Amino acid sequence: MSAVTMADVAVAAGVSVKTVSNVLAEHPGVREETRARVLTAVDALGYRLNPAASRLRSGRTGVIAFALPHLYQPYFGDVAERVIAEGERHGYTVVIEPTDALLARERAVLSGGRAQQVDGAILSPAALGVIDLQGLHVEGPVVLLGARLDDPPADQVVMDDRGASRTAVAHLLAAGRTRIAAVGTTQDGGSADEREAGYRDALTAAGVPVDPALLLDAPDWDRRSSGAAAAVRLLDSGAPFDAVFCFNDAMAFGVLRVLASRGLRVPEDVAVVGFDNTEQSRFSTPPLTSVDPGQEQIARTAVDLLVRRIEGRTGAPEVVVADHHLVVRESSGGPRTPVV
């Protein structure tokens, strides 16, 4: 039996092929009575839209790009998997474009000069700072991840960096920890500054003074070695501390390694909390308490916003702030949990 065509649906519904196409594309301007008649015919005939043919007619490739700084950073690996799954849910193939945090590559994504022929892109910038991105002209459908902008050039999906960090530090304070080190300060005007602000908020609310000796910079956020180096500096400084809040999980893993090598017990001697709730946080020794910044929501919303732009949505850029929650594990005194 031959496949049902759009023309067959048009005949059954008593409308033109163009009207059927408009209904299936969810174009406005079609009367509800007509829309209902077309959809009834679609169901009755079992018509299925051919995505490849539709893209051929529209000039689309059916491919979107996820441009990220590095794949070795645990967070980006986890988010990439979720973006790929969300893309498939919409019928799109996702290609991963590592930018290596190079300014030229990130600018190419925003200017439409990327190597891949794609319908749109999701960009997590690292080289482009907040000032660079404010009001920047963007070519084609793009969704930005990262620090929230006052004047975004494109749709944005962002973490509540400040609120999430405040939640993490408040958890440590509630457990009786008052000498809490912060690992990851960079003064880059982006997420690191927001996470430091949340750290300060929580201490101030609890009446605990901020000790500059417990603020550890880590310019290279993407490396476990950066967290390890910060932990070594902290221990060698002699400054007393009973907890460490790391601005991402990668650095937290480095901190855990150094603490173990110096004979310190986690969480008995030092509690440790990370940020990102990556898959690896469940399998560190001990399992790492970490902020889940809303990875699934970030991936789902970013792809949804991008697909809507690809399909013709217009209007001012939209900013969506993802929800967060703290996943408490053994590194901060949480209960022992099975590995699997």
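The structure is a predicted model, in which local features need pLDDT of at least 70 and side-chain atom pairs count only at pLDDT 80 or more, whereas totals for chains, interfaces and linings use all residues. Residues are numbered from 1 along each chain as its sequence is written, and side-chain values use heavy atoms, with hydrogens and water left out.

An open sheet of 6 strands is found with the order S7-S6-S8-S9-S10-S12 and mixed pairing, where helices (H or I, at least four residues) and strands (E, at least two) are DSSP runs numbered from the N terminus, and where two strands pair if DSSP finds at least two bridges between them. Strand S7 (215-217) and strand S12 (325-327) stand at the edges with a single partner strand each, so one side of each has no neighbour in the sheet. On average, and with direction ignored, neighbouring strands of this sheet are turned by 20 degrees against each other; axes here are lines fitted to C-alpha atoms, for helices over the stretch in contact, and angles run from 0 to 180 degrees between N-to-C directions.

Within this sheet, S6 and S7 run parallel and are joined by 3 bridges, with Leu216 in S7 as the bridge partner of Val183. Helix H9 (residues 191-205) packs on the sheet and touches S6, S7, S8 and S9, its direction making about 165 degrees with that of S6; contact means heavy atoms within 4.5 Å. Strand S6 (residues 180-185) also runs parallel to S8, to which 4 bridges join it, and Val183 stands opposite Cys246 in S8. On the other pairing considered here, S8 and strand S9 (residues 271-275) are paired in the parallel sense over 3 bridges, and Ala271 in S9 is the bridge partner of Ala243.

Strand S8 is covered on both faces, since Ala243 and Phe245 on one side and Val244 and Cys246 on the other are all buried, a term that means under 20% relative accessible area, with exposed meaning over 50% and partly exposed in between (1.4 Å probe, protein chains only). S8, H11 and S9 make a right-handed β-α-β unit; a crossover is right-handed if, with the strands pointing away from the viewer, the path from the first strand over the helix to the second runs clockwise. Helix H11 lies across S6, S8, S9 and strand S10 (289-292), and runs at about 160 degrees to S9.

The loop between strand S8 (243-246) and helix H11 (249-261) holds Asn248, which is buried, with a relative accessible area of 1%. The side chain of Asn248 reaches the backbone nitrogen of Met251 at 2.9 Å, a polar contact being a pair of N or O atoms within 3.5 Å, of which, within protein, one must be able to donate a hydrogen and the other to accept it, while residues adjacent in sequence count only if both atoms are side-chain atoms. When neighbours within four places in sequence are left aside, Asn248 is in contact with Gln73, Arg195, Trp221, Gly274, Phe275 and Asp276.

Val273 lies in strand S9 and counts as buried at 0% relative accessibility. Its contacts beyond four places in sequence include Val244, Phe245 and Cys246, as well as Ala168, Leu288 and Ser332. The C-alpha atoms of Val273 and Ser165, which are 108 residues apart along the chain, are separated by 9.9 Å.

Elsewhere in the chain, strand S1 (residues 63-68) is mostly covered, with 6 of its 6 residues buried: Val63, Ala65 and Ala67 lie on one side, and Ile64, Phe66 and Leu68 on the other. S1 runs parallel to strand S2 (residues 93-98), and 6 bridges join the two, with Ile64 standing opposite Val94 in S2. The chain crosses from S1 to S2 through helix H5 (residues 74-89) in a right-handed β-α-β crossover. S1 is also joined by 4 bridges to strand S3 (residues 120-123), again running parallel, and Ile64 stands opposite Gly120 in S3.

A search of the whole structure finds 2 aromatic pairs, where rings of Phe, Tyr and Trp (its six-membered ring) pair if their centres lie within 6.5 Å, and planes under 30 degrees apart count as stacked, over 60 as edge-to-face and the rest as tilted. The rings of Tyr75 and Phe76 have their centres 5.3 Å apart and their planes at 70 degrees, so this pair is edge-to-face, and both residues are buried. Phe245 and Phe247 form a tilted pair, 5.4 Å centre to centre and with 55 degrees between the planes; Phe245 is buried at a relative accessible area of 0%, and Phe247 is buried at 0%.
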